[in-house]
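Me: I would like to go through this structure with you. Could you begin with the terms we shall need?

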Amino acid sequence: MFLDRKISFRWFLLLIIFGILVLVFFGASVLHSVQGGKSLGKFGQLALHVASFPSLVKQIFTKELQVIDGNVVTSLQIIKNKYPELDGFKVKKSLPEGVSRDTGYILSSVFDAKMNHTKVQLIRVADQKTIYQWQPDIDELKAKENAFKPEVNYKAQNFRIQNPVLLKDGSLVFHGQQGPILFKIDGCSKVKWTAQGHFHHSVDMGSDGSFWVPTVIKPQSYPEFQEFRDDAIAHISADGKSLSKVSVTKILIDNGYRGLALASFSKDPIHVNDIQVVLSDSKYWKKGDLFMSFRHKNMIMLYRPSNEKIIWLKTGPWVQQHDVSVISDHEISVFGNDSISGQLKNDCHYLDGHSNVYIYDFKTDQVATPYKNMMEKLQVKTCGQGRSRILKGGNVFIEETASGRLMMLSKNTVEWQYVSKISAEYLAMFSWSRYLTKEEVEPILPALKESNCSKN
């Protein structure tokens with residue numbers, strides 16, 4: 001029979017060679033299409049679909065695909081649910097007493113699985129009511145990004161509205177996680193202005209209504225060193241005009257910290273992830289100064305833009321920290337991720353078993369971790385990102401970004417926790433939420449109530 005016939009070594013060798021040639025051609029076709037090539041037409045698109053098939057199969061069997069109302073949703077903003085006992089503010093179907101006592105609000109940028117893209121909500125904690133919601137046209141935002149930076153090309157469901165700032169007229173200022181554009185949208189979610197600048201991480205507003213945002217200078221300021229991400233600080237006016245852009249490497253070198261700037265030099269040596277504008281004078285800083293967080297230096301710096309001088313800086317004990325905040329006329333807080341990412345595999349080692357919130361006192365030159373016990377008890381862990389705000393009463397608001405959880409803690413109690421639940425298996429990721437006090441929000445409520453979006 002035919003199946004019993006043997007294949008000669010010559011034909012076997014030719015078959016192997018032919019297979020190798022097919023693989024090489026297929027790989028070149030995929031690479032050509034990924035890089036934007038159009039000459040292969042439909043064949044190139046077919047090659048891309050075939051190449052993505054193993055990844056699709058992996059997603060199916062690892063449950064990385066989520067079905068919402070009969071539709072398959074794939075987004076980087078959907079994460080595994082580590083907290084099955086939580087549903088919104090409820091813990092095991094009951095509301096903690098701390099929820100009703102809380103007079104504040106959450107400004108939450110979060111993925112909406114039913115809409116399959118991100119949105120921004122203003123949630124009143126006491127009654128868990130969403131009192132306002134912004135839903136910008138993500139396709140319009142992406143189109144504006146692509147017009148400025150064509151290589152930024154990702155699906156709408158992966159667009160993250162990053163760290164939105166709520167203004168007095170009910171508008172928002174934010175950028176997408178990929179960052180080429182800073183947007184301002186009004187209360188009806190319509191784009192009012194855009195600013196170009198390769199933005200990333202935080203957005204913070206000064207007392208004059210202008211904005212400070214981490215950015216990147218291209219081409220880099222010091223090409224003689226080597227190729228690296230030249231992180232900078234951008235100052236944007238209240239109407240979206242660029243006021244200044246200064247390289248952080250240049251700031252360090254000009255202030256006598258060349259050794260620090262160039263220590264352990266890599267493609268991402270600084271990694272600015274937060275800028276906090278100082279809003280009032282004190283013995284230790286002046287109004288308009290900037291506190292900045294440099295993740296890859298484990299460093300917090302106080303910088304005075306008016307004379308381009310570094311006033312103070314400190315490395316550690318925080319590690320790979322995010323979010324520095326002024327909490328009094330002599331204290332700052334720092335959200336320490338306190339983690340080390342694995343070099344050979346995707347893992348994360350927590351130095352203390354969890355992340356920490358630090359308080360540094362300029363009067364005493366001492367560092368405290370007053371919430372350490374509670375953060376250990378709750379196993380607060382976020383390898384990257386993460387936010388915190390210490391309130392006047394001593395409670396701390398925390399966004400555990402990587403795990404999709406918000407919380408309010410005292411030194412000894414859990415006031416509340418909050419998740420945006422998609423299903424029993426999945427949570428929606430937050431994108432740098434803010435806790436706002438009653439005094440901060442109530443003056444804005446009339447503007448939100450008067451918004452008549454049907455006329456726009």
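Reply: Two strands pair if DSSP finds at least two bridges between them. Helices (H or I, at least four residues) and strands (E, at least two) are DSSP runs, numbered from the N terminus. This is a predicted model, in which local features need pLDDT of at least 70 and side-chain atom pairs count only at pLDDT 80 or more, while totals for chains, interfaces and linings use all residues. Residues are numbered from 1 along each chain as its sequence is written, and side-chain values use heavy atoms, with hydrogens and water left out.

Me: In β10, what is the bridge partner of Leu 166?

Reply: The partner is Leu 172. Strand β9 (residues 161-166) pairs with β10 in the antiparallel sense over four bridges.

Me: And which residue of β11 is the bridge partner of Leu 172?

Reply: That is Ile 185. β10 and β11 (residues 181-185) are also antiparallel, with four bridges.

Me: Is β10 buried or exposed?

Reply: Five of the five residues of β10 (residues 172-176) are buried, so the strand is largely enclosed by the rest of the structure. Buried means under 20% relative accessible area, exposed over 50%, and partly exposed in between (1.4 Å probe, protein chains only). Leu 172, Phe 174 and Gly 176 point one way, and Val 173 and His 175 the other.

Me: Turning to helix α4, which residues are buried there?

Reply: In α4 (residues 138-148), they are Ile 138, Leu 141, Lys 142 and Glu 145. Asp 139 and Ala 147 are exposed, on the face turned away from the buried side.
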